[in-house]
Amino acid sequence: MERKKSPPFDRNYRKPKIKLPPGACDTHFHFIGPQSQFPLVPNHVFGHLDFDDATIEDWLVQQEALGLSRGLLVQSMMYGHNYEIALHALSRFPERLRAVIAPWPGTTDRELDILTKAGVIGARFAWRFGPELDQRMVHRVHEHGWSAHYLIHDDTWNRQILASPGRFVLEHVGYVKTAKGTDSAEMKFLLQCLDTGRCWIKINPRFSSDEAFPFADTVPIIRKLAAHAPNRLLWCTDWPHPQYFKPMPNDADLLDIMLDWVPDEATRNRIFVDNPAELCGFPPVAGGAPWHGANTTGSRGRGASSARCCGANR
């Protein structure tokens, strides 16, 4: 029987309407392969699919085409708990990249130390790995100054997420249901998370119920979040869009959608530059201060953790 394949990403990047400022960051993307060197783990959660490579070199082409200069790599679930490709990428681009990995319960404190120094700033907790949230690991990575990054699909973990120590991130707008509008229980949870002052929300249209760009059903949701906490939103592409079976978007469209989502340019630039700099510990943009004077070190829940996450030991 012929195996099903995850659709390939669009390599023909058009020129975006938005001209990004220096330091603009894509806060959610994945590297896949080359699988001859970085094979996917056996029996991963999408093991029924085959995937094309989406390599570091492919990513550099995309960054150049969109005008991006920084990135927060998120370890793909196809790699399970294997962080080799993330560590390799961080070692190649120590100033340009930070990463989120998926540690397993046996990950040692020494490994967490090594990964922190290499540029890992967060741990990913995804419902697809299992129904139970590893709260012990949430606390362990917090002790290393990391943020907890949650991929959720219902309210099962809501209480535990709100009780997370330190900083935390909700991926893909928490997969809020657009059909329920801006006053749904899911939206109220997002606003409750933002009101902690410790939460960031990654915005891209992966949560849309629409079939294709411009994903109009997402506009009221994002505008409400931007009005509520513009300093806590993170823009991202989700490149190379693994297991995405709707019409494949062009990444330039995923950038220009911000013109509808966040019409104010200054707020957009905060989301592109300042917010990820604060979360990830990127240094100020060369030649000038961040766009809104954001505190790029921020508070990481523990006073001593900030320097470790900002690359002081690199």
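Helix α1 is followed by G67, whose phi is positive, near 85°; helices (H or I, at least four residues) and strands (E, at least two) are here DSSP runs, numbered from the N terminus. The model is a predicted one, in which local features need a pLDDT of at least 70 and side-chain atom pairs count only at pLDDT 80 or more, while totals for chains, interfaces and linings use all residues. Residues are numbered from 1 along each chain as its sequence is written, and side-chain values use heavy atoms, with hydrogens and water left out.

The pLDDT, which is the predictor's confidence in each residue on a scale from 0 to 100, averages 90 for the protein, and 91% of the residues score at least 70. Over residues 288-314 the pLDDT is below 50, and this stretch has 68 contacts in the model beyond near neighbours in sequence, a contact meaning heavy atoms within 4.5 Å.

Returning to α1, which spans residues 56-66, its buried residues are I56, D58, W59, Q62, Q63 and L66. Seen down the axis of α1, these buried residues fall within an arc of 155°, so they line one face of the helix; the arc is that of the directions from the helix axis to the C-beta atoms. Buried means under 20% relative accessible area and exposed over 50%, with partly exposed in between (1.4 Å probe, protein chains only). The buried residues of α1 pack against β2 (25-29), β4 (70-74), α2 (84-92), β5 (97-101), β10 (233-235) and α8 (251-256).

Within α1, D58 is buried at a relative accessible area of 16%, and, leaving aside residues up to four places away in sequence, D58 touches F9, R11, D53 and W239. In strand β2, T27 is buried with a relative accessible area of 0%. A polar atom of the T27 side chain lies 2.9 Å from the backbone oxygen of W235, and the residues that T27 touches, not counting those up to four places away in sequence, include L72, V74 and K202.

In α7 (residues 219-228) the buried residues are V219, I221, I222, L225 and A226, and they cover an arc of only 165° around the axis, which puts them on the same side of α7. What covers these buried residues includes α6 (185-195), β9 (199-203), β10 and α9 (258-261).

Aromatic rings also deserve attention. Ring pairs link F29, F31, W59 and F93 into a cluster, where rings of Phe, Tyr and Trp (its six-membered ring) pair if their centres lie within 6.5 Å, planes under 30 degrees apart counting as stacked, over 60 as edge-to-face and the rest as tilted. The charged end of R232 sits over the ring of W200, 4.1 Å from its centre, and K4 lies over the face of F245, at 4.5 Å from the ring centre; for such a placement, NZ of Lys or CZ of Arg must be within 6 Å of the ring centre and within 35 degrees of the ring normal.

A cis peptide bond with omega of about 10° joins G33 and P34, and P34 is found in the loop between β2 and β3 (49-50). N43, whose phi is near 60° and thus positive in a residue other than glycine, also has its place in the loop between β2 and β3 and counts as exposed at 78% relative accessibility.

Technical notes:
A polar contact is a pair of N or O atoms within 3.5 Å; within protein, one must be able to donate a hydrogen and the other to accept it, and residues adjacent in sequence count only if both atoms are side-chain atoms.
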